[in-house]
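User: I would like to learn how to read a structure feature by feature, beginning with the overall layout and then going down to single residues. Could you take me through one?

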Amino acid sequence: MNARNTTGVPAEGMRRRRFLTTAALGGATIVGASALGGLDADAAFAAEPSLDPAIAKSSFVEGRITGITGSVLEVAGSGGGHARVQMTHVTSVWKVRPATAEVIEVGDGLYARGVPMPDGTVAADAVWVNIVNLDTTIRGIARNRVHLAHGQHEVVGNILTDTGASYAGRGLTSDLSRLRIGQSAQVLGAWRPSDDSVDVVRISVGH
């Protein structure tokens, strides 16, 4: 994803830590939430996320959001830990598609990438909400949904107006007619806590 308008940001010499630190402290007038890197769903699962050379290692936070206090998200990690994620006015948010922080709710799942701050929070440059990446088998196909088996679990996948399919590694298409029951499928999407279904962003078969 290309960087968008970065009015107020020095054209040269910008470093991610300084950028985020300034943003977290509220001292910058910056627009362009994805100026620091990719927000697309694939970026969440990249083996080696794009990092600014000035940052030796990014911090990652995952878990369920247990509280929201101002611009800080309280997160209970799936491994039992606790983290606090500082949202800034440059944090990119993905929830099915690029969104704003207002869509984030207590109970949502979270995967965040950012840099550690002196107060122990992680200033996030990108937050993916409820994102899932599932290896499944197609068990049923209906007009607006697919029924999937993920391990021992049955999952309902909601077909969206912009759901895309990839066949045998080819590019995305809106044509879902070639999906077949019994196919193995990788599903990238967003979990719906309200009914435990998944909004399907992309379904890949024959990969």
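**Reading the chain, step by step**

Analyst: From the N terminus on, the elements of the protein chain follow the order α-α-β-β-β-β-β-β-β-β-β-β-β-β, and this comes to two helices and twelve strands. Please keep in mind throughout that this is a predicted model.

User: What share of the 207 residues in the protein chain is buried, and how much accessible surface does the chain have?

Analyst: Buried residues account for 46% of the 207 residues, while the accessible surface of the protein chain comes to about 10,800 Å², with 50% of that area belonging to carbon and sulfur atoms. Contacts can be read along the sequence as well: among those between residues at least 6 apart in sequence, 58% join residues at least 24 apart.

User: Which strands form the closed barrel, and with what kind of pairing?

Analyst: The closed barrel has five strands, running S8-S9-S10-S12-S11, and its pairing is mixed. From one strand to the next, the twist averages 55°.

User: How should I read a pair of aromatic rings, and how many aromatic pairs does a search of the whole structure find?

Analyst: In general, a pair of aromatic rings is described by the distance of the centres and the angle of the planes. Here a search of the whole structure finds two such pairs. In one of them, the rings of Phe 60 and Tyr 111 have centres 5.9 Å apart and planes at 25°, so this pair is stacked, given that planes under 30 degrees apart count as stacked. Because Phe 60 lies in strand S1 (residues 59–69) and Tyr 111 in strand S6 (residues 109–116), the pair ties together parts that are 51 residues apart in sequence.

User: Are Phe 60 and Tyr 111 buried or exposed, or something in between?

Analyst: Phe 60 has 38% relative accessibility and counts as partly exposed, and Tyr 111, with a relative accessible area of 24%, is also partly exposed. Tyr 111 forms an aromatic pair with Trp 128 too, and this one is tilted, at 5.9 Å centre to centre with 40° between the planes. That pair links distant parts of the chain, with Tyr 111 in strand S6 and Trp 128 in strand S7 (residues 122–129), 17 residues apart. Trp 128 itself counts as buried, at 0% relative accessibility. Taken together, Phe 60, Tyr 111 and Trp 128 form one aromatic cluster.

User: Where does the charged end of Arg 178 sit?

Analyst: The charged end of Arg 178 is found over the ring of Tyr 167, at 4.0 Å from the centre of that ring.

User: As a last exercise, which residues are in contact with Val 187, leaving aside its neighbours within four places in sequence?

Analyst: Val 187 belongs to strand S11 (residues 184–192) and, at 0% relative accessibility, counts as buried. Apart from those sequence neighbours, Val 187 is in contact with Val 132, Asn 133, Leu 134, Thr 136, Leu 148, Val 198, Val 200, Arg 202 and Ile 203. For Arg 202, the C-alpha to C-alpha distance from Val 187 is 5.9 Å, although the two residues are 15 residues apart in sequence.

Key:
Residues numbered from 1 in each chain as written. Predicted model: local features only at pLDDT ≥ 70, side-chain atom pairs only at ≥ 80, totals over all residues. Heavy atoms only, no water. Pairing = 2+ DSSP bridges. Helix = DSSP H or I, 4+ residues; strand = E, 2+ residues; numbered from the N terminus. Axes fitted to C-alpha atoms, helices over the stretch in contact; angles between N-to-C directions. Phe/Tyr/Trp six-rings, centres within 6.5 Å; stacked < 30°, edge-to-face > 60°. Buried < 20%, exposed > 50% of the residue type's maximum accessible area, 1.4 Å probe, protein only. Lys NZ or Arg CZ within 6 Å of the ring centre and 35° of its normal. Contact = heavy atoms within 4.5 Å. Areas by Shrake-Rupley, 256 points an atom, 1.4 Å probe, with all protein chains shown as cover.
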